[in-house]
Each structure stands twice: as structure tokens, then as C-alpha cells.
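Visitor: I have a structure open and would like to go through it. Can we start with the overall picture and then look at side chains?

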Amino acid sequence: MKLTTCGALLLAIALVGCTDRARDRVSSLVERAQSVFGSQDTKEPAPATPDLLTQLISWEAIGMNLAYVQQRAGPAIRSEDHRHHYMVQGCQLVLGSDGQDKAIRSVQVALSPGCDVDIGGLLGMLKRQPLNAMTFGAFDEAMGSGQYLADCFRDCGNAYVPNVYLVEQGSRALQFRQVMITAELATDPAMEAAGRWADAMVAKKSEDWVVRDLGFNCQPQKYRNVAAQALHAVKPEFFSFGDELEFPKCPTAEVAANSEPKAGASTLLAGMVMVPQQEGQCDMEYDKRLRAAGLKANEVSIHGPEGQDFKGYGCAYRITPAPGNAMPLGSTVTYRSAWETG
């Protein structure tokens, strides 16, 4: 039975009465009781510190001090180009940092049998999603609107192993950060799936458009269903999330984003225009920007906010095709905006 300080005091008074001698004995008993039981009366349990892996496989990791990770996990196995390799609780991690190597900007996790972590919460899923059971189909089902991209399909050379990607832009609630899975075209399932994707596009377009121009990276929505069906059962090698992830960009988008075109980057083809970027976080005049670019605006009005990517009443969001994609002149761009009554 646990004896509190108050209980000890009452028991002492009951045993010795109220004489001067009793008071001295009570004081002595109280001091002894406080020394033995006092700390148990007032001490609060210390809050549990989440294990490091749980912290790193969460949005909490983005912006975390790299020094904090080094303090808990020790120095990186190796570091190069602001990428720091760690082994944490059976998981191979690559932490991308800022230019000063102070804050974490991205996290890459290698899928392996020994890395049994749950990424369901990070993806906004209500059920558990073990990372080592992830497939392109499961990721696509969870995210719903990602872009399928690829480094190369054929005649890629021996300088590197090409990859296929499924990239999702996060919502405003996630500060538009990105999540991505990657598969190397080095195993039979991945190569066969990528081959089916490429063949379907060659049949509709041309070999040059697919192999040389990589046109599908500029119009990822055009053959999205083909890619999704082909890659559905393929398991990725890596899962990544954070800011400014590395994946193939449309060459024309890179030209538009830089004052001087990069060597080898193509220009917009005749009759093609770029889906314009929004102005600021809330663009209420996006329809005008589309018309000025030679595109048609299809605004879908929603009664009240819908989903975490809601940006504010009247703001354009869920733009399809996404800004930066090259589209034929006169194409329709669909986006949502929410309105409020009362």
C-alpha cells in the first residue's frame, strides 16, 4: 500500500497525541515521510521522446536540424553534395540538407525487408501502409493525382541506371511539399512495365517523341492511365518526401525557368504553349492568365472547401494539366475554386 506524506502525518498524530514531545516526534516522522515518499507525490512522468526513425519518417523531419540527427544517430556513414547517408533502426536513409548543411530538406528511404515502417500517416491514409509492401498502384491509390515520369526508356547508355517516378505535389496544408516513389529500370518487372508504357506512347506519337524528346515528361497527364496500368504491380526501390525533390523536368519548363537555355534543352514546338503558373498563393484571376496564354479555362466551382489542397475562397487549385506542362494551343485547362454562401 502506498503511504502518502499526508497519510504519514495523520498516522503519526493518531499514534502519539498532541503533547510537545508528540509534536517533536511528528516533525521527525514528517521529515522522514517526505524524504521517502515526497518525490512520488509531486513528480510528473517525463514525456516519452519519439524514436528517431519515427521522427525522420514524418513531415516533422523537414526543417529539422541536421545536428539533432547527428547527436542522436552519430555521424553520417558518408556525405556528398548535401546528401547524408544513415542507417537507422534497419532503414537506409539519405537526408538531403540545405546549402549550409544545417536543416533537412528531404528524406529518401530505401525499401528493404528490414525497414518495416508505416508511412500511412505521412500519406494521409487512414490505414497502416507498410513501406516494404508499397507498390506504384498502392501509392497512386493513396495520392490520386501524381505524375508518372522517366529518365529514359531506350538507348540510355551506360553512364547511369535510368529510373521511373511517380511524383505527387502536396497540398497547401503540407506547404506544397512533394512525395515520390522511384524504381530503377534494372529488374525484369520494372523494365517490362516501362516497355509497355513506352510502346503504347510510340504507337500514338512516334519513337523520336518518346525516346529522343522525352515528350511524355512535358505532358504527363496525356498517357497517365497507360503508365498507371503498366506500373501498377511494380515495387519501387525508394520512397522520398520533402522540398525540391530530384526528378525529370520538362525541358521546355526548364528553359522558361532560366534566363539562358541549358545545353540540349528543347524549345516549345510549334502550336504548343505552356500552362501558366499561378500568381502568388491565391490566384483569383487564373482564368485570365489561361486565356492570355491561348488556352481555355474550365473553372469547376465547389460549394465550400474540399480537401486539404483548398487554398482559400476564389483561389484556383487542382489545376489539370499542372502548370509547367506544354499543351497544344487552344487546349482546355481545368481547375477548381471554392465559394461560400451567407
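Guide: One term is needed before the overall picture: a residue is called buried when its relative accessible area is under 20%. Please also keep in mind that this is a predicted model.

Visitor: Fine. How much of the chain is buried?

Guide: Buried residues account for 43% of the 342 residues in the chain.

Visitor: And what does the secondary structure come to?

Guide: The chain has 10 helices and 13 strands.

Visitor: What share of the contacts join residues at least 24 apart?

Guide: Counting contacts between residues at least 6 apart in sequence, 59% join residues at least 24 apart.

Visitor: What about the accessible surface?

Guide: The accessible surface of the chain is about 19,000 Å², and 51% of that belongs to carbon and sulfur atoms.

Visitor: On to rings. How many aromatic pairs are there?

Guide: The count is 8 aromatic pairs. In one of them, the ring centres of phenylalanine 153 and phenylalanine 216 lie 4.9 Å apart. Their planes are at 40°, so this pair is tilted.

Visitor: Where do those two sit in the chain?

Guide: Phenylalanine 153 is in the loop between strand 5 (147–150) and strand 6 (163–169), while phenylalanine 216 is in the loop between helix 7 (207–212) and helix 8 (224–231). The two are 63 residues apart, and the pair links distant parts of the chain.

Visitor: Are they buried or exposed?

Guide: Phenylalanine 153 has a relative accessible area of 14%, so it counts as buried. Phenylalanine 216 is at 2% and is buried as well.

Visitor: Which cluster do they belong to?

Guide: Ring pairs link Tyr148, Phe153, Trp197 and Phe216 into a cluster.

Visitor: Salt bridges next. How many does the whole structure have?

Guide: The search finds 11 salt bridges. As background, side chains of opposite charge can pair when their charged atoms come close.

Visitor: Give me one within a helix.

Guide: Arginine 212 forms a salt bridge with aspartate 208, with the closest N and O atoms 4.0 Å apart. They are 4 residues apart in helix 7, so about one helical turn separates them. Arginine 212 is exposed, with a relative accessible area of 58%, whereas aspartate 208 is partly exposed at 42%.

Visitor: And one in a loop?

Guide: Arginine 128 forms a salt bridge with aspartate 116, where the closest N and O atoms are 3.6 Å apart. Both residues are in the loop between strand 4 (104–110) and helix 5 (136–143), 12 residues apart. Arginine 128 has a relative accessible area of 47% and is partly exposed; aspartate 116, at 48%, is also partly exposed.

Visitor: What about lysine 288?

Guide: The side chain of lysine 288 meets that of glutamate 285 in a salt bridge, 3.6 Å from N to O. Lysine 288 is partly exposed at 47% relative accessibility, and glutamate 285 is partly exposed at 42%.

Visitor: Which residues are linked in a network of salt bridges?

Guide: Arg105, Arg177 and Asp243 are linked in such a network.

Visitor: Changing topic. Where is threonine 135?

Guide: Threonine 135 is in the loop between strand 4 and helix 5. Its relative accessibility is 18%, so threonine 135 counts as buried.

Visitor: What does its side chain reach?

Guide: The side chain of threonine 135 reaches the backbone nitrogen of alanine 138 at 3.1 Å. Leaving out residues up to four places away in sequence, threonine 135 touches Ile181, His232, Ala233, Val234, Lys235 and Pro236.

Visitor: Last one: isoleucine 319. Which strand is it in, and is it buried or exposed?

Guide: Isoleucine 319 is in strand 11 (residues 317–320). With a relative accessible area of 11%, isoleucine 319 is buried.

Visitor: What does it touch?

Guide: Not counting residues up to four places away in sequence, isoleucine 319 touches Gln278, Tyr286, Val333, Thr334 and Tyr335. Isoleucine 319 and tyrosine 286 are 33 residues apart in sequence, with their C-alpha atoms 10.0 Å apart in space.

Conventions. Residues numbered from 1 in each chain as written. Predicted model: local features only at pLDDT ≥ 70, side-chain atom pairs only at ≥ 80, totals over all residues. Heavy atoms only, no water. Buried < 20%, exposed > 50% of the residue type's maximum accessible area, 1.4 Å probe, protein only. Contact = heavy atoms within 4.5 Å. Phe/Tyr/Trp six-rings, centres within 6.5 Å; stacked < 30°, edge-to-face > 60°. Areas by Shrake-Rupley, 256 points an atom, 1.4 Å probe, with all protein chains shown as cover. Polar contact = N/O pair within 3.5 Å; in protein donor to acceptor, adjacent residues only side chain to side chain.
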